[in-house]
Amino acid sequence: MTSSAAATTKTILHVAGYTTCGFYRRAASVVASLSLLFPHRLQLVQHEFTSRDEFREWLIHGTNFRERVSNVGGGGNLRASAHSSSPFCWTSSTADQSSSSSTADSVLEFIGGCDDALEWCRKFAQPPAAAAPGGDVAEMVPDGHTPSHSYDYDLVILGGGSGGLAASKEAAKLGAKVAVLDYVKPSPAGSKWGLGGTCVNVGCIPKKLMHNAALLHGNYVHDQPHYGIGVTPESVEANYGMTQDNAAAAHSWDMLKQNVQNHIRGLNFKYRVDLREKEVTYLNLLGKFVDKNTIETVDKKGNVDRVTFSRCMIAVGGRPTPLNCEGGELAISSDDIFSLDRDPGKVLCVGASYISLECAGFLRGIGKDVTVAVRSILLRGFDRECAKLIGEHMKDEGIVFREEVVPTKLEKVGEKIKVTFSNGESDEYDTVLAAIGRSGDTSKLGLENVGIAVNPKNSKISAKFEQTSVPNIYVIGDVMDGCPELTPVAIHAGKALSRRLFGGSKQAMDYRNICTTVFTPLEYGTVGYSEDDAIAEFGEESVTVYHKYFIPLEWSLSPSRGTQQGFCKAVVNKHTDKVLGLHYLGPNAGEVMQGFGTAMKLGCTFEDIIETVGIHPTTAEEFTTLSITKESGEDAAASGC
C-alpha cells in the first residue's frame, strides 16, 4: 500500500530497530505522531530489540527477515535484501508484533530506513492532489526474476544513450548488478562517436550549440548596432543619425565544429566516470541475443564472448532513415553534420521534419546558402498553424523551399552533388543532408532468436509498460514503438522501469502532456494537443482557441525584425475550461514552455492561467493575458502593457 492510497484505507506501518538507535527512535516518533493525528488512516507497529546484535540476528542472520521482504512481489526488491541498518520499515496488512518469519507473509511494501520513512511520512501528510493525468499503475507480467539467480547480471542494458544510462544508474542504486553494452556502429558516411547516445553526440547537445551560434550571429547582425554595441560617432553621422544592421560576420565552421566536438568528448568521459562511480559495468561491445537470457558480444577486434542476464532492457535508440533514390549514398545525415570535416557550403536539406528544419535553420543562421526539399507539409504531427508560421519565418530568413518535390537522383559532378528533383528541375549543392525520418536500430540485435517482432514500417519494438512479448526483456526510448522520440522521455521511462524492476514501485511512465521545443530560427514550444488534434478528438463545438501575436521586447529596437512576430495560443475545452494544449513561437521557447508543462500535468484550466500574475516584461506572460478567441474574429495583435 502506498501513501497515495492512505487517504481511504488505514496503513499499518512497521518500524523495527534497537533501543539505543537514534535513527530508530526518530522514525518511530514521527510515525507515532502522525498516527495520533490520523488514527483512522495510520497505525504504528514497533518491533524493538534490546541490542544491535539482536536486531541484526533477526534482520540478517537467524530469521533473515529482510530476505523474506525482498521476495515480496516476485523478488524484485533488492533494496530490502541489501538493507542492514536500523531502522527497517515496511507496510503490512496486519499489525502482528511478533517479529517472526510469518510476519513477512503480510508485507505489502518495503519502505527503507530512517530517511525513507521520514520521506514516506511527508508524502502521507500532504493533502491529496486534485485529480490529474498520470499516476497509472503498471500491471507487469511476471518475468521469472529471483535474487538468487545464477546469471552474470541482474540487468543488462543494450545501448548507452540517455535512457539506458539513466536506467542503469537507477537500477544500480537500488542494489542491482548492472552492465551497459554500448557500441557505436559507424554511419554510412563513416561518422563515429562515444558513450552517451544520439542526444549527446549527434542530436540535442550539438544541435542546440549550433543553433546558439546562429542566434549569436543574428544578434550581431540585427540587434547589436541598435543597442549601441560597436557603433561609432562616425557611423551614426554617415547614416544620418540612425543605426544600421551590421554586415554578416565571417564564420569559421572548423572552429565551431572543433569546439562542439571538444565539449562532447568531455561529456563522453564524464559518463564513463559516472558509470564507474555508480558501480555499473560498461562494456564497449556489440550485443546480439542468443536466447532470452544470453547475449553474444563482439568487440572492435572481432573477439566473441557471451553475457547472461536475468533481465534485459533494450535502449538502442534509432538511426536516420537513408535517402532511397539513385545516388542516395552521397547524402549525409544528422549523424554526420555536427562532425563534418569541411565547410558545408551550399546545403540541401531533404525532408520537413523538425531535424531537417533545425539543421536548415542553424546552417542559414551562420551564413550558409540553404534549400529545403519538402514532399508534403512542414512538421507533420505538430500544430498546423504554428508550422505554417515557422515556414514563413524561415523564408524571411532567406531559406529557399522547394515544395512538393523529392530527390530522384544524386550524382557527383566534380566537387558538387547534382540533385534532380521529382518535378524535373535540378541544382548543384556542396552538401545534401537527408532528414526524412528515423528507424529503430534493431536489425542486428538478433530479436528473431527470442521471438520479438518489430514494426516493419520503422523497425521499432512494441511493448506494454515497456515490457515486450518476452517478459524479462524490456524496451525504452526511441526504439519503442509509439514512444515520443525525446531524450527526457527515455530518461524518465528508464528510471521508472528500473524502480519497478528493483525497487518495488508500481508507477507507470506517463507519456501524456510532454513538453517539447523545436529549435528552428523562430523557436516553437508546445505541450498537449494541437488545435487540429483537439478538434478531431473532442469536436469543433467543444474546442475554443485563445491566440495572440506579439513582438518580443528584445526585438523591438531592430528595424529589420519589424515583420517578425511571436505567437501563442491556448487550446481549451469549452465545457470544462481545461487547457488541452499550449503553443508558443518566440525567443527562449524551451524555457517558456517548461513551467507550463507542470501546470498541464496537474490538469490546469484556462482560468488558472489567466489568473496567474505574469512576470513583466517577458514573452511568457503573454499566455496570462490571452483573451481573444479565434471564433470572435477580433484582431489578435497584442496591445501595449
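Analyst: On a 1 Å grid over the protein atoms alone, a cavity is a set of points where a 1.4 Å probe fits but cannot get out, and lining residues have an atom within 4 Å of a point. Points are joined across faces, edges and corners, and a volume is the space filled by probe spheres set on them. It's a predicted model: local features need pLDDT of at least 70, side-chain atom pairs 80 or more, while totals for chains, interfaces and linings use all residues. Residues are numbered from 1 along each chain, and side-chain values use heavy atoms, without hydrogens or water.

User: OK, what volume does the largest cavity have?

Analyst: About 30 Å³.

User: And which residues line the largest cavity?

Analyst: P320, S334, I355, A434, A435, G437 and R438. They split into four nonpolar, two polar (Gly counts as polar) and one charged.

User: Switching topic: in what order do the five strands of the open sheet come?

Analyst: 21-22-25-24-23, with antiparallel pairing. Strands are DSSP E runs of at least two residues, helices H or I runs of at least four, and two strands pair if DSSP finds at least two bridges between them. The edges are strand 21 (516–518) and strand 23 (543–550).

User: How many bridges join strand 22 to strand 25?

Analyst: Five. V527 stands opposite L582 there.

User: Which strands does helix 17 lie across?

Analyst: Helix 17 (residues 589–601) lies across strands 21, 22 and 25, at about 175 degrees to strand 25. Contact means heavy atoms within 4.5 Å; angles run from 0 to 180 degrees between N-to-C directions of axes fitted to C-alpha atoms, for helices over the stretch in contact.

Technical notes: On a 1 Å grid over the protein atoms alone, a cavity is a set of points where a 1.4 Å probe fits but cannot get out, and a pocket is an open set with protein on both sides within 12 Å along at least five of seven lines; lining residues have an atom within 4 Å of a point.
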